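User: I would like to learn how to read strand pairing, helix packing and a chain contact in a model. Could we take these features in turn?

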Amino acid sequence: MSTLSARSLSVRLGRNQALSGIDLTLTPGRFTVIVGPNGAGKSTLLRALAGLVEPTAGSVLLDGRPVGRMRSAERARAIAYLSQGGQVAWPLTVASVVALGRLPHGEAPDALPPSGSEAVGTAIAAVGLGGYEDRPATELSGGERARVLLARALATKAPVLLVDEPIAALDPRHELVVLEVLKAHAQAGALVVAIMHNLTLAARFADEIVLLDRGHLQAHARPSEVLTEARLAQSFGIAAHIAHEAGGFVVVADRPLPQA
Amino acid sequence: MTARENERVTPRFAVAIATGRNETAAMFTSRTILVLTLALLAVILFAASLAIGPAPISPVMAVKALVSDQGSASIVVRDIRLPRTLLSLMIGWIFGLTGAGLQGLLRNPLADTAVFGAPQAAALGAVVVLYFGLAGALSWTLPIAAIAGALVSIALVVAVAGRHATVVVLVLAGLAVGSLAGAGTSLAISLSPNPFAVTEIVFWLLGSFEDRSMVHVGLAAPFVLVASLALLSAGAGLRALALGEETAKSLGVNVARLRLLIVGGAAIGTGASVAVAGSIGFVGLVAPHLIRPFVGYDPARTLVPAGLVGAVLLLAADCAVRLIPSGVEVKIGVLTAILGVPFFLWVIARRKAELAETPA
């Protein structure tokens, strides 16, 4: 079981203090959503958790071991990361893009062992793209391509999955498809963290929500505890009201508040 | 179109997935056939290159003269034709490999040392050495100076163009670096007090395998070997890079090391080649495009076939310059540029829409 934690994590990017003293512990089997206004440090936090940025102070620990000191292949097997607005440079087929997720296991995409082929097949099926294996990934719609890249991250079969804005630029149906995949992955025992801007969907799918604002951790708790009208006003600068619906709640943003 | 044909025109390095079709085997075969065909073609052209020249020697006789003493035929084949044949083989190979490596690194089908001004910069490095009389034309200093020139130009273009530069920025940066190197070379030529040295430099700059000896082969070979190893070892990393630098890093690829291997390999290969054969461009640009219809777009799978195509192209070109009826031999660098530049323009024209916004 993998526990991912940040200890007094601070990251400085150039002259910008992106993260300040973050303390956070994430546990397996939970789907955590990171929310916060633009520039809050969400992507930096995710990249630091993935071991892709060096902390300027503090540390990120995977089961007590500093992520930054793990061998890169070992880290890649343990933590799958999906960047924002992913790209595919060449007209590679869906199957070959997803097979790249097996690289951390030392498996060449053109010579996968049976276990690798199975992981690729399962991942493609999980995102609902069965039958798309031979299509060039560059010729798919944005929603389909986002799912291909998600399948690539799933194919690694890492116990930790970190995804940066997986539903940006997706239509409502694809939003739900992708979130259901992430939720199911967490329920199957993985530690899943996603950055999102849609607060209503975050509230509906997340087991816990991390609220970041200007590099500081404002809250880390269940959705109903984090997404309160007071916090939304304070962190996002919006007047919002929370409408309770059957099975969840809806965040309705009314208007921007004047800048303090 | 049948499924079989479809498999051939839509290459992939796919896996046997739940569908039960064993596509790995299909791709493996088509790539193996291509590699074997290219190798055979290279062998045939190798023999042809030993046979073509003013002294009439048949290909069979040429091979005989190479392996056993056949009097004057052996002298012609071994001392005159073998060096240029070996040089075009290994320089073509390293150019093709370099082109495929750089296109993979920059995720850009227009990347090549020639586009980055590397041959001009390598030539400047070599000309500076020759001009100041630091070393003779057969010294190790020459390839090392040329490699330094190529390294500066490629590193400069990759640095200026940056990680998110568009193709336009990349090509413009290459143009600027190439022009600067060209101007430096022109300066050296125009200030040269010795008209014979000027002629020497100018002809050498045009690129040719004429009158090369085994000493030239020996000068270039170790560098070509090192460059090949560097570029070939980058294959797996290039694959991951197709999904962007951040994703490649998350897959455990050391992107900085990968960049160093490819830029270093490209500079060493180009520099050593330019030092012994002058400026020969565009082979690296063309080669990967010729093999992608057969092996697909996976950068790791394009490396070896692109190198073989490069070798075949340059061997064929070097045979062609000896067959073109003209008073003096047409310079091979001129021929590759005459054929390569229209190809470059054709690629731009064909991919205009996507190139306008593709980040490098």
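Predicted model: local features only at pLDDT ≥ 70, side-chain atom pairs only at ≥ 80, totals over all residues.

User: In which sense do β9(A) and strand β10 (residues 216–221) of chain A pair, parallel or antiparallel?

Analyst: As a general idea, side chains in a regular strand alternate between the two faces of the sheet. Here β9(A) and β10(A) pair in the antiparallel sense over 5 bridges, with A:Leu212 opposite A:Leu217 in β10(A). The two strands form a hairpin with 2 residues between them, and A:Arg214 in the turn has a positive phi of about 50°.

User: How should I read the packing of helix α3 (residues 59–67) of chain B and helix α4 (residues 72–106) of chain B?

Analyst: An angle from 65 to 115 degrees counts as roughly perpendicular. The axes of α3(B) and α4(B) come within 8 Å and cross at roughly 90°, and the helices are therefore roughly perpendicular to each other. Among the residues that meet are B:Met61 and B:Leu66 in α3(B), and B:Val77 and B:Leu82 in α4(B); by class, this contact has 7 nonpolar, 1 polar and 1 charged residues.

User: How many residues does each chain give to the contact between chains A and B?

Analyst: Interface size is often given as the accessible area lost when the parts come together. Counted by residues, the contact takes 28 from chain B and 33 from chain A. On the side of chain B that touches chain A, α11(B) gives the most, with 4 residues, and that side divides into 13 nonpolar, 8 polar and 7 charged residues.

Technical notes:
Residues numbered from 1 in each chain as written. Chains lettered and ligands numbered in written order. Pairing = 2+ DSSP bridges. Axes fitted to C-alpha atoms, helices over the stretch in contact; angles between N-to-C directions. Parallel < 35°, antiparallel > 145°, perpendicular 65-115°, else oblique. Contact = placed C-beta atoms within 7 Å. Nonpolar A, V, L, I, M, F, W, Y, C, P; charged D, E, K, R; others polar.
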